[in-house]
Amino acid sequence: MLLQRLLGFIFGYVSFTARSGFGERFINLCRLNNIQLQNLKSQNSVLFAQTDIESYKKIRPIAKKSGMKVKISRKHGLPFLFSRHKNRFGLAVGAVLCALFVLFFSTRIWRIEVTGNNRVSSEEIIAVFYDLGVYKGAASDKINASEVEAAALRKLPEISWLNINISGCTAMIEVRETVEKPETDNDNTPVNLVAARDGQLIILRPFNGTAEAVAGSPVLKGDLLISGIEENKDLSADLCRADGYAVARTNRSSEYLLPSSFKAAKTVTNKKHYTLHFLFFDIPLGEHPSSGFAESSFLSIKNVMLPVGITETSTLENNECNCILNKKDAVLLATLRFSEARLEEFRGMEVENDRVSVQINDNAVLISGEYDCIENIGVPSPIEIEYTH
Amino acid sequence: MRKNRGCRETRNESFMESISKSLDLPGDTLPGYAHIELCGNREASVEGCKGVLEYSDCSVSLNTGRLTVKFCGSDLTITAMQDGSAVIKGTITCIDFGN
């Protein structure tokens with residue numbers, strides 16, 4: 001039925017009415033003359049039917065014989081559409097050009113998607129593929145996927161596997177990155193482990209080397225904790241890289257001064273610039289900024305992206321300005337910055353006791369704190385070796 | 001003379017029928033018999049249609065050679081009619097056969 005309607009649309013057909021006569025004779029004469037009547041319906045002695053254009057031309061004498069009057073009620077299909085617009089050459093030319101345009105540009109690549117990358121940026125991968133002939137506007141049938149894949153792998157050492165799939169106007173590049181080699185400490189330079197700051201040693205656990213201090217004893221900055229010289233049973237000595245835990249109770253103090261008035265950067269303008277994308281042309285609308293946050297959006301029909309879109313680039317301009325805070329805000333800001341700094345400083349430590357004080361003046365807020373910490377104070381210190389002849 | 005020809009035709013038909021019966025051939029292979037297929041009461045296709053005798057939206061009468069088949073119902077439409085076959089659509093309420 002669908003095929004019949006499609007053929008009817010292509011070749012054209014007419015709907016007509018036949019009235020006042022012998023309907024049955026008209027039908028039989030049509031059948032005898034090989035005129036195919038479709039959707040024949042009779043209502044109040046009026047026949048409604050459809051037939052093709054050629055058959056309708058032969059229907060007049062038959063209607064006359066059977067005493068019926070036929071009249072076209074509607075014309076359907078492309079032949080009538082074309083004949084209606086036969087004097088409009090521009091329309092025909094436009095339709096042909098449109099068809100050619102769609103046919104030509106549907107064989108091009110308009111979208112390149114990169115998936116699976118983490119360390120290597122998509123822009124870097126797209127740039128490599130650009131050199132190999134995979135770019136916006138490239139003919140998709142001229143791309144030899146296996147050759148491009150092999151060449152791209154050679155150019156991207158951080159990629160272990162990649163695959164390019166061209167589906168319609170989209171080139172999908174799927175990549176797998178290489179696994180980074182873990183950093184191993186292969187440094188065998190002989191070192192001692194010395195105290196990084198003053199404190200009272202709580203735990204001393206040497207992994208390598210000889211312990212030179214005992215737990216519970218006070219140590220000063222630079223005191224030897226674990227020696228990198230190991231004595232053998234035959235009283236000879238070997239040099240090694242001392243390693244171990246030297247946990248001590250230490251005392252730390254810090255302070256943060258925030259003046260009531262200070263200079264800070266303030267975003268004053270947020271300019272937006274637009275770039276129009278049409279096929280492989282990028283048309284900047286106005287002055288185009290060198291940097292900024294860009295967001296592109298493309299037209300798409302049923303998830304098929306069209307090569308027409310716009311990019312919005314936002315640029316922020318910062319100006320220095322004088323900030324004057326009231327006391328409450330100054331304390332709040334000073335506390336926040338002091339806490340942030342301590343968070344970074346005390347990473348990997350345990351704070352047993354803390355004493356924080358806030359001093360507020362007319363010009364500044366001073367926050368000072370004293371802390372009793374438990375921390376690893378062992379740091380490597382190179383062993384100085386003198387060779388004597 | 002006409003009477004004799006009629007007798008000969010009847011004899012031929014009965015002879016064809018007897019051959020058809022003895023060879024177990026389906027009845028619609030015989031000349032003058034129509035093949036009618038019904039699809040519920042909504043569609044009927046008739047093969048061996050030789051003409052339309054009566055046509056309105058509530059009854060369609062077809063000439064099938066030896067028989068006349070009359071379809072009664074409502075909204076009856078002949079959707080296709082070609083090469084001796086006709087397709088009737090609509091709500092068929094009864095089918096009458098006549099000589």
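Modeller: Happy to! Domain bounds here come from an automatic or database domain assignment. For chain A, that assignment gives domain 1 (2-82), domain 2 (111-177), domain 3 (192-246), domain 4 (255-261 + 322-379) and domain 5 (265-320). This is a predicted model, where local features need pLDDT of at least 70 and side-chain atom pairs count only at pLDDT 80 or more, while totals for chains, interfaces and linings use all residues. Residues are numbered from 1 along each chain as its sequence is written, chains are lettered from A and ligands numbered from 1 in the order written, and side-chain values use heavy atoms, without hydrogens and water.

Now to the sheet. Helices (H or I, at least four residues) and strands (E, at least two) are DSSP runs numbered from the N terminus, and two strands pair if DSSP finds at least two bridges between them. The sheet is an open one of 5 strands in chain A, ordered β11-β9-β15-β21-β20 with antiparallel pairing. Its edges are β11 (218-219) and β20 (350-360) of chain A, each of which pairs on one side only. Inside the sheet, 13 bridges link β15 (residues 243-259) of chain A with β21 (residues 364-376) of chain A, running antiparallel. One bridge you can look up sets A:Y256 against A:I367 in β21(A).

Helix α8 (residues 327-345) of chain A packs on this sheet and touches β15, β20 and β21 of chain A, a contact being heavy atoms within 4.5 Å. The direction of α8 makes about 160° with that of β15(A); axes are lines fitted to C-alpha atoms, for helices over the stretch in contact, and angles run from 0 to 180 degrees between N-to-C directions. A:L343 belongs to helix α8 of chain A. It counts as exposed because its relative accessibility is 63%, where exposed is over 50%, buried under 20% and partly exposed in between (1.4 Å probe, protein chains only). From A:L343 to A:I159, 184 residues apart along the chain, the C-alpha separation is 37 Å.

Other antiparallel pairings in chain A involve β12 (residues 224-227). It is joined by 2 bridges to β8 (residues 191-195) of chain A, with A:L193 partnered by A:I226. Another 2 bridges tie β10 (residues 210-211) of chain A to β12(A), where A:T210 meets A:S227.

Elsewhere in chain A, helix α7 (residues 145-155) has A:V148, A:E149, A:A151 and A:A152 buried. Their cover includes α6 (122-131) and β6 (159-167) of chain A. As for spacing, the C-alpha centres of domain 2 and domain 5 of chain A lie 24 Å apart.

Finally, the packing. A nonpolar core is a set of buried Ala, Val, Leu, Ile, Met, Phe, Trp, Tyr and Cys residues joined through side-chain atoms within 4.5 Å. The largest has 34 residues, and A:F26, A:I59 and B:L62 touch the most other members. Strand β5 (residues 68-82) of chain B gives this core its largest share, 5 residues. A separate core of 18 residues includes A:V120, A:F129, A:V134 and A:A171. Beyond its neighbours within four places in sequence, A:F26 contacts residues including A:F16, A:L37, A:I59 and A:M68. Chain B itself has 1 helix and 6 strands, running α-β-β-β-β-β-β from the N terminus, and 29% of its 99 residues count as buried.
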